[in-house]
Amino acid sequence: MAKRTDDHGLAIGELVARTGLSEGTLRMWERRHGFPRPRRLPSGHRRYGERDVELVLRVVRERDGGLSLPAAIARARETGEEPEPSIFAGLRRRGPALQPIRLRKPVLLALSHALEDESCAHADRPLLIGSFQRERFYRQSQRRWREYARTAELAIVFADFDRPHTPAHGPAELPVGPSQPLVREWAVVCEGPGHAACLAAVEVAHARRRADAAREFDVIWSVEPELVRAAAEIGLELARQAAPQMEERIAQRLSSAPPGPPVADQLRLSTAIATRALGQLT
């Protein structure tokens with residue numbers, strides 16, 4: 001009999017026992033729909049909470065009532081989960097093994113450009129999300145992001161814009177309020193079929209008054225498909241709050257996550273991003 005492992009929460013075997021679903025079904029739901037959303041131990045093992053049990057059972061009931069799986073998951077999410085206010089913090093919670101490194105802005109910019117360029121050169125119709133803190137920072141990269149958006153399924157950028165704006169040619173520009181954690185964050189997320197990469201950084205408070213090039217950020221980045229999916233979900237939920245008119249497109253993307261790429265491909269992607277970044281710094 002599966003049992004509760006420790007204070008870290010429930011192992012997947014316990015979730016199976018509590019919900020009546022098979023382990024394969026739960027893994028398929030997580031891979032395709034990002035649900036349920038486990039915490040990860042440093043070992044990589046999944047851990048679930050009591051709330052996850054309730055949400056999975058809610059989906060089972062909704063399915064028994066005739067809803068499709070994506071619709072049942074969306075309804076459970078609406079009533080059962082508080083959206084993450086921060087991409088950086090959300091990734092740290094889901095990937096405790098991710099260790100932040102402190103980088104100055106020029107190095108972070110090189111890493112971001114490398115991730116963007118490598119992703120947009122190889123990802124097929126990806127989801128693209130960027131967080132720029134200030135509108136003026138986005139305007140410096142606007143030409144690049146408009147080019148990226150041409151081949152993206154959906155492209156979204158966050159900054160301290162005055163209002164939501166969805167131009168015909170370019171990413172949706174969504175505002176971040178001064179009290180939102182995202183206003184301190186720098187993020188890039190790219191998720192497409194066979195491709196996944198994300199970066200999130202939070203500005204170090206004591207370095208904010210320095211010259212622009214001397215500003216410092218605590219940075220995490222990953223090519224693990226499950227962590228990229230988590231970053232994408234957080235960004236999409238924040239977009240839904242900022243732009244209700246995008247509800248339909250966002251709901252469709254949340255319920256149709258692309259399959260995760262092979263591990264070997266992701267290892268090559270990690271190497272390619274690092275090589276591009278180093279090339280920009282030399």
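Analyst: R125 is partly exposed, at 45% relative accessibility; here, buried stands for a relative accessible area under 20%, exposed for one over 50%, and partly exposed for values in between, computed with a 1.4 Å probe on protein chains only. The model is predicted, so that local features need pLDDT of at least 70 and side-chain atom pairs count only at pLDDT 80 or more, while totals for chains, interfaces and linings use all residues. Residues are numbered from 1 along each chain as its sequence is written, and side-chain values use heavy atoms, with hydrogens and water left out.

R125 belongs to the loop between α6 and β4 (127-131). Helices are DSSP runs of H or I with at least four residues, strands are runs of E with at least two, and both are numbered from the N terminus. The phi of R125 is positive, at about 50 degrees, although R125 is not a glycine. As background, most residues other than glycine have a negative phi. Q133 also carries a positive phi, near 70 degrees, and it too is a residue other than glycine. Q133 sits in the loop between β4 and α7 (135-150), and it is buried, with a relative accessible area of 5%.

Helix α6 (residues 105-122) contains S112 and also E118. What does S112 touch beyond its sequence neighbours? With neighbours within four places in sequence left aside, its contacts, defined as heavy atoms within 4.5 Å, are W186, V188 and L199. S112 is buried, with a relative accessible area of 1%. Its C-alpha lies 16 Å from that of E147, a residue 35 positions away in sequence. E118 is likewise buried, at 9% relative accessibility. Residues up to four places away not being counted, E118 touches H195, L269, A272, I273 and R276.

The cysteines are considered next. A disulfide is a covalent bond between the sulfur atoms of two cysteines, and the criterion applied is a pair of cysteine sulfur atoms within 2.5 Å. By this rule the count is zero disulfides. For C190, the closest cysteine sulfur is that of C120, at 5.4 Å, which is too far for a bond. C190 is buried at 1% relative accessibility. C198 is in no disulfide either, since its nearest cysteine sulfur, in C190, is 10 Å away; C198 counts as buried, with 1% relative accessibility.

Strands also meet helix α5, whose buried residues pack against β1 (39-40), β7 (185-192), β8 (195-203), β9 (216-222) and α8. Those buried residues are I87, F88, G90, L91 and R94. They lie on the same side of α5 because they cover an arc of only 165 degrees around its axis, the arc being that of the directions from the helix axis to the C-beta atoms.

Two packed helices are described by the angle between their axes and the distance between the axes. Helix α5 (residues 87-94) and helix α8 (residues 225-242) pack at an angle of about 145 degrees, with axes 9 Å apart. The axes are lines fitted to C-alpha atoms over the stretch in contact, and angles run from 0 to 180 degrees between N-to-C directions. The crossing is right-handed; a crossing is right-handed if the near helix is turned clockwise from the far one by less than a right angle, and left-handed if anticlockwise. On the α5 side, I87, G90, L91 and R94 make the contact, and on the α8 side L227, A230, A231, I234, G235 and L238. By class, this contact has seven nonpolar, two polar and one charged residues, where Ala, Val, Leu, Ile, Met, Phe, Trp, Tyr, Cys and Pro count as nonpolar, Asp, Glu, Lys and Arg as charged, and the others, Gly among them, as polar.

Helix α8 also holds R229, which is buried at 5% relative accessibility. Apart from residues up to four places away in sequence, R229 touches H33, G34, E191, R253, L254 and A257. G34 is in the loop between α2 (23-33) and β1, and is buried with a relative accessible area of 7%. G34 and R229 are 195 residues apart in sequence, yet their C-alpha atoms are 6.7 Å apart in space. With neighbours within four places left aside, G34 is in contact with W29, R77, R229 and E233.
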